[in-house]
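Have the structure open as you read.

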Amino acid sequence: MNKKLFGSFGALVMAGTLVLSGCGNNAASPAAKAEATPKALLKASVASAAAVTSYQMDSNFTMNELTVTVPPSSADTASVNQVVSMLKGAEFNMKTVYQGDPMQAEMNLEVKLKGDMEMTIKLPIVMTKEKMYVKVPNIAILPLPQDMVGKFIELDLKELAAEQGTEFNDAMLDPKNSQKLTSDLSAAVLDSFDEGKYFKKIAPGDAGLPEGVKAEDVVRFEVTNDNVKDAITTLVNVALPKVIETLDTPEYREMLGMTEQDLKDAKSELSTTDNEQMNKDLEEMKKYLTVNTFQIDTALNADKFPIHQKMTMDVNFQDPESETSGKVSLTGSSTYSKVNEKQTFEVGIPTDTITMDELENMNY
């Protein structure tokens, strides 16, 4: 099966996530009150995304089911089985605390792996405007000196940029800039997809919201087996050109370190897309890929703030050419709290640190 087909569906997953990721950031918008259509609700949230000043967010990503069957004669059988065993049932949890002024973010990542190599990895990360701190984890299969475990590796972003022969781009790390960029890109993608085909409101009571989450509206973005071909075509022919057009401003080019020529080349590549060949590839994909479920639900409270988002994906694939088949089923969610309130940081700014130079000079 053509790898581009899975790449296209993967891009669609990212686009769907981007449509809604820009929505998790602030309070009411007059537009939401004037129109109560699904797109109007999401647009209102996207428009307010850049105004957030602080928040807490609890995120979870769980691989509920993962099966991959390859021919017994394949040289990859053992390695595929090992990876599948490790990832099936795996959980990725993250608690994020963020404030914009002064800029400080704290992310506590927890990874729970299953199978024969069952383990739990915890990785606290702290960011300020010019520095990032990563705690050295205690991992059994990666023995490290005990005087190093538990310390934070201090990364000076200005120094790293200088060592790489580039200038430190603080605009890229400015949360206000990244929020505005996410909002603008989300709006570009959102405008590309037809409301009647992909968006609908569902009753909050039918949305399976977690306890404590009170929603006034829930909007669902959904791709089915019937419209997946149209969705990917829309992504390539409509959404991506709008994304490139959105990025083609002095502000975003400087922020992302891109040139006008970079974006011209991207536009040119899209404009020369062989639509006839893409149509054939997508018809082929429909034979080998079955979309059982692909939904992203956004729950909005009375202020039209998206307090909870959930993605559900369940697909089957079968490739007669390589005799490979399987199933992927996963869920992911994010729940916001303490929006625009004073935040409390569990870790704070680390003091028990080691620099990259000290790390490189350690013998282990």
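At what angle do the axes of helix 7 and helix 9 cross?

## Helix 7 and helix 9

The axes of helix 7 (residues 175-192) and helix 9 (residues 228-247) cross at roughly 150° and come within 9 Å. Helices here are DSSP runs (H or I, at least four residues), numbered from the N terminus; axes are lines fitted to C-alpha atoms over the stretch in contact, with angles from 0 to 180 degrees between N-to-C directions. Helix 7 and helix 9 are therefore roughly antiparallel, a label for angles over 145 degrees.

Contact means heavy atoms within 4.5 Å.

## Helix 9 and helix 12

Helix 9 also packs with helix 12 (residues 275-288), at an angle of about 145° and with axes 10 Å apart. The contact includes Ile-232 and Val-236 of helix 9, plus Met-278 and Leu-282 of helix 12. By class, this contact has six nonpolar, four polar and three charged residues.

## About the model

This is a predicted model, where local features need pLDDT of at least 70, side-chain atom pairs count only at pLDDT 80 or more, and totals for chains, interfaces and linings use all residues. Residues are numbered from 1 along each chain as its sequence is written, and side-chain values use heavy atoms, leaving out hydrogens and water.

Methods:
Helix = DSSP H or I, 4+ residues; strand = E, 2+ residues; numbered from the N terminus. Parallel < 35°, antiparallel > 145°, perpendicular 65-115°, else oblique. Nonpolar A, V, L, I, M, F, W, Y, C, P; charged D, E, K, R; others polar.
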